Amino acid sequence: VRVRSEVVVNSRRGRPPRDMDTRGRILREALAAFHDRGYSGVSVRAVARAAGVDHALVHYYFRTKEGLFRAAMDLNATPGQVIQALAVQGRSQRLGTAVLQQAVTMWERPDAQAGLVGMVGEALTDETVMDVVRDYLESAVIAQLAETVGGREATRRAAAAGAIISGVYFSRYVLHVEPLASLSPAEVVAALGPSVDAALQPPRGATVR
């Protein structure tokens, strides 16, 4: 169901008057936009126009499009944050282990678990939400990881690594499959980190530029 904003306009620059639900209006328009056009089809400026505010105000409240998505989908953390935080590691041989370690650390937080499990539950029962989540994972997570690792078949390698990591998430936090569910975070990373590292490595004989 498309959510429509209230007919209240505040297109002035800077912070809005305290009695106006500007942040909530932005979130309602962002959620409607993500549902209608997916993650990649939405821009901060378009959301700002729909909410009747200056785009700088959206950045003030949410900093980035990723932050806006996180707030609109009621998440405390997203996989894209993990990739962003680790992009500085570049093409490290152990980038996969580092990504998995940061992901597991994030997932261990009760607030992050609640938000992600809720989103997954919605996606499984609502095709619109499923499309939004799929588009986000493809355009913001896999694409960003592929850009970080670079080289031949980067997108395919990033998708393979993403499949392993998402498998860890579903098995441990959604389905509670044993023995994975009972391992410590360090044991999970030690057992599966090398597989993610291997998935991200370029084909034999290929040179990463």
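These points cover aromatic contacts and one surface patch in a predicted model.

1. Aromatic pairs overall. The structure contains 11 aromatic pairs. One of them joins Tyr 39 and Phe 69, with 5.2 Å centre to centre and 90 degrees between the planes. That geometry is edge-to-face.

2. Where this pair sits. Tyr 39 is in the loop between α1 (22–37) and α2 (44–51), and Phe 69 is in helix α4 (residues 65–72). The two are 30 residues apart, and the pair links distant parts of the chain. Tyr 39 and Phe 69 are buried.

3. Trp 107 and Tyr 173 have ring centres 5.7 Å apart, with 65 degrees between the planes. The cut-off for edge-to-face is over 60 degrees, so this pair counts as edge-to-face. Trp 107 belongs to helix α6 (residues 95–107) and Tyr 173 to helix α9 (residues 154–174). The pair therefore ties together parts 66 residues apart in sequence. Trp 107 and Tyr 173 are both buried.

4. Surroundings of Tyr 39. What else involves this ring? Tyr 39 forms one aromatic cluster with Phe 34, Phe 69 and Tyr 136. Lys 65 lies over the face of Tyr 39, 4.4 Å from the ring centre.

5. Nonpolar surface patch. Which residues form the nonpolar patch on the surface? They are Phe 170, Leu 175 and Val 177, and together they have about 270 Å² of accessible area. Leu 175 lies in the loop between α9 and α10 (185–200). Is Leu 175 buried or exposed? Its relative accessible area is 59%, so Leu 175 is exposed.

Technical notes:
Residues are numbered from 1 along each chain as its sequence is written. This is a predicted model: local features need pLDDT of at least 70, side-chain atom pairs count only at pLDDT 80 or more; totals for chains, interfaces and linings use all residues. Side-chain values use heavy atoms; hydrogens and water are left out. Rings of Phe, Tyr and Trp (its six-membered ring) pair if their centres lie within 6.5 Å; planes under 30 degrees apart count as stacked, over 60 as edge-to-face and the rest as tilted. Helices (H or I, at least four residues) and strands (E, at least two) are DSSP runs, numbered from the N terminus. Buried means under 20% relative accessible area, exposed over 50%, partly exposed in between (1.4 Å probe, protein chains only). A charge sits over a ring if NZ of Lys or CZ of Arg is within 6 Å of the ring centre and within 35 degrees of the ring normal. Patches are made of residues with over 30% relative accessible area and no salt bridge: like charges are joined within 9 Å, nonpolar side chains (Val, Leu, Ile, Met, Phe, Trp, Tyr) within 5 Å. Accessible areas come from the Shrake-Rupley method with a 1.4 Å probe; for residues, only the protein chains shown count as cover. A salt bridge is a side-chain nitrogen of Lys or Arg within 4 Å of a carboxyl oxygen of Asp or Glu.
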